[in-house]
Amino acid sequence: MKMERKLQQQIAFYLTGRREGRELRTFDSRYRPALLARYADLSTLRYDFPLVLNREGPPERALDSLSRMVDDAVEAIGNDPDRDRDRIGHHGYRVEREIRRVLAADGAGDFGELWNSAADRLAGQRDGLRDSARHLWTAFQAAGEIADADSRLPSRVVRHVWKKVEARKAEAFRQRAERLLLKLRDILKAEIVGSRPGRTPDRLKSGVGSSFEGAFDFDAMSRILEESKPGTKLSDERRKRIHGLIDVLERQRFYSLGAGWPEPYTFEFTSISDARKAYQDRHLEAVELAKALAVAKLEAYGDYHESVHEVIFKDFGANGLDAEALADLPFYLVYTDGRSLDPAETARLVEFLAAGLPIKVLVQTDDVLEAKTLAEGHGVALGLRARQLVETAIGLTDVFVYQASASQLFRTRKSLLRGLKYDGPALFSVFSGSNGHTGGIPAYLVAAAAMESRAFPALVYDPSAGSDWATRLSVDDNQQPDEDWPVHTFAFEDEELQARKEEIAFTLADFMAMDDRFFGHFAVVPENDRSDTMITVPEALEANLEGLPENVPFVTLVDDEGGLQRAILDNRTMLEVRRCRMMWHSLQELGGIHNSHAERLIDKERKARATELAVSAEVPMSKPVAQAVAPAVAGQPEGAEVSVTEPVKDPEAPPATGSAASVKVTAVAPAAEEINGDDPYIETPRCTTCNECTTLNDRMFAYNENKQAYIADADAGTFRQLVEAAETCQVAIIHPGKPRNPKEPGLEDLIRRAAEFE
């Protein structure tokens, strides 16, 4: 009776969100998702962060990971007998760990200063560590800021990489402009040199210089040149045009041409309105510069023909600049946070993107569980502003879209760089992990948890990658993108100090359990009150919890003492989890995963094949081979028919060493109960001995005396392994059957995938 009363209280909490009695404990900041237990102190772990915003080298090296830099530098030592690789590596890892500790306490700083100060603190009287640190620093070939995950990291990273990309464009423009200016000035000089004033004795003498002043008779040289060569004469129109081109290139303010030239415009803004105004104010100058570049190139190489090109360039830029012309000019960078994007500002942003104008926009999200609270019954926003912008931008079809949590900035750096190099507008949506509602959990972990829970999934939409969704949109940067939720192994010790492990899915409920605004929607269940009626969140999504449910969903936690705990959650939280999964399914489809249209076609084709009563094949072979093969083929599944057909003999033909014959095999389809049975099975006689399944699980799958696979023990593995084995089987002969463990995570997806092999 007591257990039944406790179950009733748990069900009541699920339905109402209210705790009745003392059996259910209050949920607070002492608890965190079990999968975060191993990350209690990030400063002691080696992972991607902190990041080095490298000023050295090309844009491809603009963003690097401290741990990777140390690893690469140690690896580069190789077997050099003059250097102790193990010692240098050990010292490097100590310096790296010290830098992590300092960054966690003090924030970002200069990489060189932090590296040297950390080495000095650790070295003491041990000069060997300083030597190791100096050697590694030389190998880094890097300089710049080093930063950990915090509220400023997204803007720091995007701005830094953007500046590296634009610096390379500026250098290319400077070289191009200098070449054009040189050639244009040479055209004007040639006219002066070839003219009558350019051939006077005094002008010729000044051109030679004082070193050879006595070696020539400049009066005689002047007479000879006047008599032998007619003067070079530019038309007034061309001379005016060339002077105008030089003037435009010299006074333009889009790129710096070096010291003594006009100060260039700034292209960084913190609001769409300011960037839009600057673009409009500079538009006529941009058109003028783009036109000057095009005409100057023609003039410099003698390809400008007034009768043709005057007409072409008369209305240049009247309808705006095309993508090629815009790509030659700097791209505007706007970095803003989602909260500052009111409806008017959002409309301006979409207008800017839709027009194909040269803009790169970073929209930083600090809170993906914002806005309306669960208590009001309106649900969680789940990064609503960022999601709406991303969906709108993708719908425009020619906007590059990048979305990622701050924790993924290094791993997705190639996509980030690709977006900043893309010759068109780009939107970068980044979740910082700094929302002020997760207590002492580092921003890195919050950002990573948002992506793992599908609350803020990673995606890249690249219009230049191809012409269809399959090539343009990718969600592959997410953990286990084929699954509803990432599933990880959680290892722990039970009360008897025995090592155990569980497979735990990280869901939106786990992510919400990190946020103090939603603590009231969870209740901790004491160990003595736990029962089989408590099911995991993935199991609850597949169960029928309508009306008065028989089960209550829970999440697995650890407390601040490292103890394993379980907390049940209420129905409103489950509704958000279900909604989050639906949004993830939609994104999966766009990314080519579990496409419903494709799966319908596959199912239709599978059913069509299943209606075929037999499959026949004739294979020509010599008679001796046919006779040898026939008994073996007779081992096919029951119902298969085998016959050997001999060729018609020509009595006048000489005897052949191998008369042609054929084996005909008619394989009758297995009975319906064999295909649709609950137990998994393998069509063993068709096995090609590829080792795929036995490598996956050699207790579940084994070989018989003919070295062909069969199911040795269906309970020796998981349903997931059966499905994965079926999917990798080269001849598609593994049939997973039905799940044997109804509580296995991710069953809905696995059952859908297994249906293809029924």
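The legends below accompany close-up views of a predicted model.

Local features are taken from this predicted model where pLDDT is at least 70, and side-chain atom pairs count only at pLDDT 80 or more, while totals for chains, interfaces and linings use all residues. Residues are numbered from 1 along each chain as its sequence is written, and side-chain values use heavy atoms, with hydrogens and water left out.

View 1. Helices (H or I, at least four residues) and strands (E, at least two) are DSSP runs, numbered from the N terminus. Of the 758 residues in the protein, 45% are buried, a term that stands for under 20% relative accessible area, with exposed meaning over 50% and partly exposed in between, for a 1.4 Å probe and protein chains only. A contact means heavy atoms within 4.5 Å, and among contacts between residues at least 6 apart in sequence, 69% join residues at least 24 apart.

**View 2. An open sheet of four strands in the order β4-β3-β6-β5.** The pairing in this sheet is antiparallel, and two strands are taken to pair if DSSP finds at least two bridges between them. The edges are held by β4 (63–65) and β5 (109–110), each of which has a single partner strand, so one side of each is left without a neighbour in the sheet. Two bridges connect β5 with strand β6 (residues 144–147) in the antiparallel sense, and D110 has E145 in β6 as its bridge partner. Helix α2 packs on the sheet, where it touches β3 (51–54), β4 and β6, and its direction makes about 70° with that of β4.

**View 3. Helix α2 (residues 66–77) packed with helix α3 (residues 85–106).** The two helices pack at an angle of about 170°, with their axes 10 Å apart; axes are lines fitted to C-alpha atoms, for helices over the stretch in contact, and angles run from 0 to 180 degrees between N-to-C directions. This angle makes α2 roughly antiparallel to α3, since angles over 145 degrees count as roughly antiparallel, under 35 as roughly parallel, 65 to 115 as roughly perpendicular and the rest as oblique. Residues of α2 in the contact include L66, V70 and V74, and those of α3 include I88, Y93 and I99.

**View 4. The tilted ring pair of F400 and Y422.** Their ring centres lie 5.9 Å apart and their planes meet at 45°, so the pair is tilted; rings of Phe, Tyr and Trp (its six-membered ring) pair if their centres lie within 6.5 Å, and planes under 30 degrees apart count as stacked, over 60 as edge-to-face and the rest as tilted. The pair links distant parts of the chain, with F400 in strand β10 (residues 400–405) and Y422 in the loop between α15 (413–421) and β11 (426–431), 22 residues apart. F400 is buried, with a relative accessible area of 0%, and Y422 is also buried, with a value of 15%.

**View 5. Strand β19 (residues 564–569) and the strands joined to it, β16 (residues 522–525) and β18 (residues 552–558).** Strand β16 runs antiparallel to β19 and is joined to it by four bridges, while five bridges join β18 to β19, again antiparallel. I568 in β19 is the bridge partner of A523 and also of F554. Five residues lie between β18 and β19 in their hairpin, and in the turn G562 has a positive phi of about 85°.
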